[in-house]
Amino acid sequence: MTPTSEVHVDVEGRTLRITSLDKVLYPRTGTTKGEVLNYYASVAGVLLPQLRDRAVTRIRWPHGVQGSSFFEKNAPSGTPSWVRTATVPTTGTRSASDSDTIRFPICDDLATLTWLVNLSALELHVHQWRVTKAGRPRKPDRLVIDLDPGEPAGLHECCQVALRVRDALAERGLTCSPVTSGSKGLHLYAVLPASGRPRLDSDGTTALAKEIAEGLQKADPALVTATMTKAKRPGKVFLDWSQNSGSKTTISPYSLRGRERPTVATPVTWDEVERGAEDPLGLEQFRFEEVIDRVRDMGDLFLG
């Protein structure tokens, strides 16, 4: 089938030129660009709050997931004038000494989201900080710990470790929300209080996440590692604390992944995580069709 050349659609008062709706982006499942656009439009109500005021790094697959991909941080040439952007230091801090900057797009609305996805930006990655109206980085509003299993460990082991991370965060007065990564593991997000205690900067949240990871590694070194060296990860769950760095990003909740199948970083309940900890088949990564149904039936499960 020859991909549909282009259509023009009105999205919240913006006229967008959408191309190649029939192009297959996931050959294994036959999932087309049109279906990807429909997915993002269907979950925009829960996705956009995750993206709002955050600089968005995209991973684009112009020829589908079987082809090459590339990271894109800067707003590309030809960015519409109505797309909000923010020029921030590459470190993601307020430091005036940082001369290198990046002009990121900020995805606050459905029109911007549709424009990005039309560029085959399947994955949307964000920092743990937001920007002000003037485009200046704020201190992070959340902490993230990425649970990455080293084979033969998998999501089952991640769920077991996630319960321990939840308890460690609770001991520090923080509540966390679990999200399947859409790849192999889990992400745990803890919202940082806006008042009542001094807000940590990115160095502070990184140090806190590292402290938790190293504490759990010490308690169970056979299952947990806080060490980045891949040679030390087989059979263990790596607690990646480094994604709290001001310059690093994490796949956004509700973003698709550029995997063989169209899986999604999916917020889940703690009941689901507990089932996954008990049963190796109790929790699996979710495909985009399932996530549309979950959002319709369960609403937004992300606590942040």
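Here is a short tour of a few local features in this structure. Keep in mind that the model is predicted. We start with strand β10, where 7 of 8 residues are buried, and then visit a cis peptide bond, two residues with positive phi and Val-24 in strand β3.

**Strand β10 and its partners**
- Strand β10 covers residues 142–149 and is mostly covered.
- With strand β12 (residues 186–191), β10 pairs in the antiparallel sense over 6 bridges; here Asp-146 stands opposite His-187.
- Strand β14 (residues 237–240) also runs antiparallel to β10, joined to it by 4 bridges, and Leu-147 faces Leu-239 in that pairing.

**A cis peptide bond**
- Glu-151 and Pro-152 are linked by a cis peptide bond, with omega at about 5 degrees.
- Pro-152 lies in the loop between β10 and α4 (155–171).

- Asp-53 has phi near 65 degrees, a positive value in a residue other than glycine.
- You can find Asp-53 in the loop between α2 (44–51) and β5 (56–60), where its relative accessible area of 23% makes it partly exposed.
- Tyr-254 has phi near 80 degrees, again positive, and sits in the loop between β15 (250–251) and β16 (263–264).
- Tyr-254 counts as buried because its relative accessibility is 2%, under the 20% cut-off.

**Val-24 and its surroundings**
- Val-24 belongs to strand β3 (residues 24–26) and is partly exposed, at 35% relative accessibility.
- Leaving aside residues up to four places away in sequence, Val-24 touches Gly-30, Thr-31, Thr-32 and Gly-64.
- Glu-35 is 11 residues from Val-24 along the chain, and their C-alpha atoms are 9.3 Å apart.

Definitions and conventions: Residues numbered from 1 in each chain as written. Predicted model: local features only at pLDDT ≥ 70, side-chain atom pairs only at ≥ 80, totals over all residues. Heavy atoms only, no water. Buried < 20%, exposed > 50% of the residue type's maximum accessible area, 1.4 Å probe, protein only. Contact = heavy atoms within 4.5 Å. Pairing = 2+ DSSP bridges.
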